[in-house]
Amino acid sequence: MHGTDPRPQTFTRSGAFRGTVRVPGDKSISHRALMLSALAVGESRITGLLEGEDVLATAAAMRAMGAQIERSGKGEWTVHGVGVGGLLQPATALDMGNSGTSTRLLMGLVAAHAISATFIGDASLSKRPMGRVIDPLSLTGAEFTASPGGRLPLMVRGLCPAVPISYRLPVASAQVKSAILLAGLNTPGITEVIEPVPTRDHSERMLAGFGADLSVEIDADGVRHIRLVGEAELEPQQIEVPGDPSSAAFPIVAALITPGSEVTVTHVGMNPTRTGIYKMLEAMGADLTYSNERVVGGEPVADITARHSALTGIDVPPDVAPSMIDEFPVFFVAASMAQGRTTTSGLDELRVKESDRLALMATGLAAIGAKVEEREDGLIIDGSGGEPLEGGATIASALDHRIAMSFAVAGQHCYHGVTVDDVSPIATSFPTFEVMLAGLARA
């Protein structure tokens with residue numbers, strides 16, 4: 001996990017960004033690839049795996065519960081699974097570092113096995129509420145002992161056989177949906193998740209790809225009913241992980257706001273539940289083109305070219321939020337340099353991510369000269385009309401990788417450098433970020 005000593009870094013204007021890059025593998029898919037491979041019987045091979053700290057935490061946890069996981073090359077991993085129902089009692093606490101995804105999804109796996117596991121994490125993760133996962137998993141018969149507020153450290157005592165449930169998601173959350181489905185793998189009967197607002201569907205795609213009996217039905221009201229037949233037998237797979245669309249958003253926004261820039265990001269996952277950021281940037285007038293479109297391992301993939309653009313403020317519909325929830329910090333940076341006003345709402349979820357991202361982005365943008373108003377569920381930003389912002393401030397990243405990267409991008413179009421107080425958390429999702437940014441500036 002990233003060190004305890006902060007590593008401040010100042011980001012300054014460096015001219016146009018030009019070149020072609022490939023961002024690390026999709027974080028959501030990487031987590032799920034390791035987990036499901038560990039539950040298959042036989043050998044699975046994964047290429048393009050994100051080797052950031054969050055995903056490595058998942059790998060370590062699955063090893064602790066019996067799976068054999070080995071790295072055979074950069075992004076290339078081999079997994080020998082234990083089979084559904086075969087997870088072993090971990091000898092020590094599972095250290096999740098900063099990874100909320102690892103924690104919530106693994107809670108689902110443990111809930112339906114006859115084992116107990118204690119989850120611990122860093123200071124940031126230990127502040128994040130887990131109640132939204134504890135509530136449905138408790139209905140399956142699992143028992144939880146959590147710190148005050150449903151937080152880590154937290155112990156899960158699984159039940160086998162667990163009780164199949166039908167659960168309607170009270171808030172849009174791919175993590176909650178996935179935790180319930182993963183618990184359903186080792187639960188006799190049919191587990192159902194009712195999803196009024198669609199969220200990223202990597203779990204459904206990958207479960208089906210591994211051979212689980214899973215169906216998705218959309219009713220007359222547009223509500224998704226996801227049903228999984230339990231006591232599944234998963235078949236080992238060859239998995240190629242596409243580039244993470246959330247990570248790709250950073251070099252793309254850097255190119256859009258920096259005069260003279262043209263950047264191509266290759267092999268980007270284009271799952272329609274993840275592309276809200278690109279649709280909203282295009283609505284602002286972003287010059288984005290897509291090429292080499294194809295399907296890899298059941299996931300749509302494309303190369304994206306971004307050119308410097310005169311952006312215009314927009315009203316972002318609240319129903320877009322689930323498809324770009326992780327990209328709002330860097331989207332706010334783009335909005336701060338657009339012409340006119342951008343309004344966002346329905347973003348309550350941003351207050352319970354790695355940090356309170358609404359508060360941190362509002363405070364940080366104001367500190368570098370943006371005109372921003374923070375509301376309970378969103379931000380209103382009056383852009384600079386394409387002019388650089390003043391900059392010259394030190395930004396508190398609060399151990400949040402996306403806050404740190406967003407202000408690194410903002411610093412590329414400010415009159416004075418922007419200092420991020422600690423860039424070490426960037427390693428959780430994008431270990432090569434700083435090298436990539438510098439390389440594009442020199443190209």
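Reply: Let's start with the second largest cavity: α5 supplies the largest share of its lining, three residues. One caution first: this is a predicted model, where local features need pLDDT of at least 70, side-chain atom pairs count only at pLDDT 80 or more, and totals for chains, interfaces and linings use all residues. Residues are numbered from 1 along each chain as its sequence is written, and side-chain values use heavy atoms, leaving out hydrogens and water.

Me: Why is a space called a cavity, and which residues line the second largest cavity?

Reply: On a 1 Å grid over the protein atoms alone, a cavity is a set of points where a 1.4 Å probe fits but cannot get out, and lining residues have an atom within 4 Å of a point. The lining here is Thr-140, Val-163, Ile-165, Ile-180, Ala-183, Gly-184, Thr-187 and Thr-191. About 30 Å³ of space lies inside, a volume being the space filled by probe spheres set on the points, which are joined across faces, edges and corners.

Me: What makes four of those lining residues polar?

Reply: Ala, Val, Leu, Ile, Met, Phe, Trp, Tyr, Cys and Pro count as nonpolar, Asp, Glu, Lys and Arg as charged, and the others, Gly among them, as polar. That gives four nonpolar, four polar and no charged.

Me: Why is the pair of Phe-328 and Phe-331 called edge-to-face?

Reply: Rings of Phe, Tyr and Trp (its six-membered ring) pair if their centres lie within 6.5 Å; planes under 30 degrees apart are stacked, over 60 edge-to-face and the rest tilted. Phe-328 and Phe-331 are 6.0 Å centre to centre with 85° between the planes, so by that rule they are an edge-to-face pair. Phe-430 and Phe-433 are edge-to-face too, at 5.5 Å and 70°.

Me: How do you know that Phe-430 is buried?

Reply: Buried means under 20% relative accessible area, exposed over 50% and partly exposed in between (1.4 Å probe, protein chains only). Phe-430 has 0%, so it is buried. Phe-433, also at 0%, counts as buried as well.

Note on methods:
1 Å grid on protein atoms, 1.4 Å probe; cavity = no way out; pocket = protein on both sides within 12 Å on 5 of 7 lines; lining within 4 Å. Helix = DSSP H or I, 4+ residues; strand = E, 2+ residues; numbered from the N terminus.
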